[in-house]
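Subject: Structure for you to look at

Dear colleague,

Please read the notes with the coordinates open beside them.

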Amino acid sequence: TVAAASSDFVKLASVTSSADTSIEFDGHFTADYDLYMIRVLNMWASSPGTDVHFSFRVGDVKQTSLTYSNYCMMYGGSNICNSGSTAGTPYRVWYGNAISYAASAVIWMYDPLSTTSNKMMTYQAGTTDSSGNAYTFFGCTQFKSNSAVSGFGFDNATLSTADISLYGVKA
């Protein structure tokens, strides 16, 4: 006999953007999972060249006063490093420098409900420019807080389109 099909990924929430200036996901993290995947399809900023920022949320509020540490990403063969710590600077998940086409990404969040460690997010994304050149982005950021994270958000640009889904990953 064949075993019943099952999935290690459980869809917890999704949002389809239409000219939104910010998108927030709050209240979806539970003790059932300590690993989450965020799938972003066709994220398109309405203004070419605009960065899209990712931020952590605590108590359903975007965190701007605590420190983020941002680390290297690469695109189109150029190495860009944002290493260091800057209070109030969320991580840019899409570097919009002259890129005017939709991006897609996979973002991993690790143990957001922990109250004993800083929070970590890693991602990989891809897009093309108006000449058809492919770009890849990858990096990570650390949110330096032991507070449990209630959610995450995207902002800094008007997102003319984006299909964003949050999945819990079974251990």
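This is a predicted model: local features need pLDDT of at least 70, side-chain atom pairs count only at pLDDT 80 or more; totals for chains, interfaces and linings use all residues.

Residues are numbered from 1 along each chain as its sequence is written, and side-chain values use heavy atoms, with hydrogens and water left out.

The structure holds three salt bridges (a side-chain nitrogen of Lys or Arg within 4 Å of a carboxyl oxygen of Asp or Glu). In one of them R57 pairs with D26, and the closest N and O atoms are 2.9 Å apart. This pair links distant parts of the chain, since R57 sits in strand 4 and D26 in strand 2 (residues 23–26), 31 residues apart; strands here are DSSP runs of E, at least two residues long, numbered from the N terminus. R57 is buried at 10% relative accessible area, whereas D26, at 22%, counts as partly exposed (buried means under 20%, exposed over 50% and partly exposed in between, with a 1.4 Å probe and protein chains only).

The side chain of R57 also has a polar atom 2.5 Å from the backbone oxygen of D60. Leaving aside residues up to four places away in sequence, R57 touches, among others, E24, F25, K62 and F152, where contact means heavy atoms within 4.5 Å.

K62 itself forms a salt bridge with D155, at 2.5 Å from N to O. K62 lies in strand 5 (residues 61–62) and D155 in strand 14 (residues 151–155), so this pair ties together parts that are 93 residues apart in sequence. Here K62 is partly exposed at 28%, and D155 is buried at 14%.

The side chains of D163 and R39 meet in a salt bridge as well, at 3.5 Å from N to O. Because D163 belongs to strand 15 and R39 to strand 3, the pair ties together parts 124 residues apart in sequence. D163 is partly exposed at 27%, as is R39 at 23%.

Strand 15 (residues 159–169) is mostly covered, with eight of its 11 residues buried. Strand 3 (residues 35–45) runs antiparallel to strand 15 and is joined to it by eight bridges, with L41 standing opposite D163. Strand 1 (residues 9–17) also pairs with strand 15 in the antiparallel sense over eight bridges, and V15 has I164 as its bridge partner there; two strands pair if DSSP finds at least two bridges between them.

With best wishes

Definitions and conventions:
A polar contact is a pair of N or O atoms within 3.5 Å; within protein, one must be able to donate a hydrogen and the other to accept it, and residues adjacent in sequence count only if both atoms are side-chain atoms. Helices (H or I, at least four residues) and strands (E, at least two) are DSSP runs, numbered from the N terminus.
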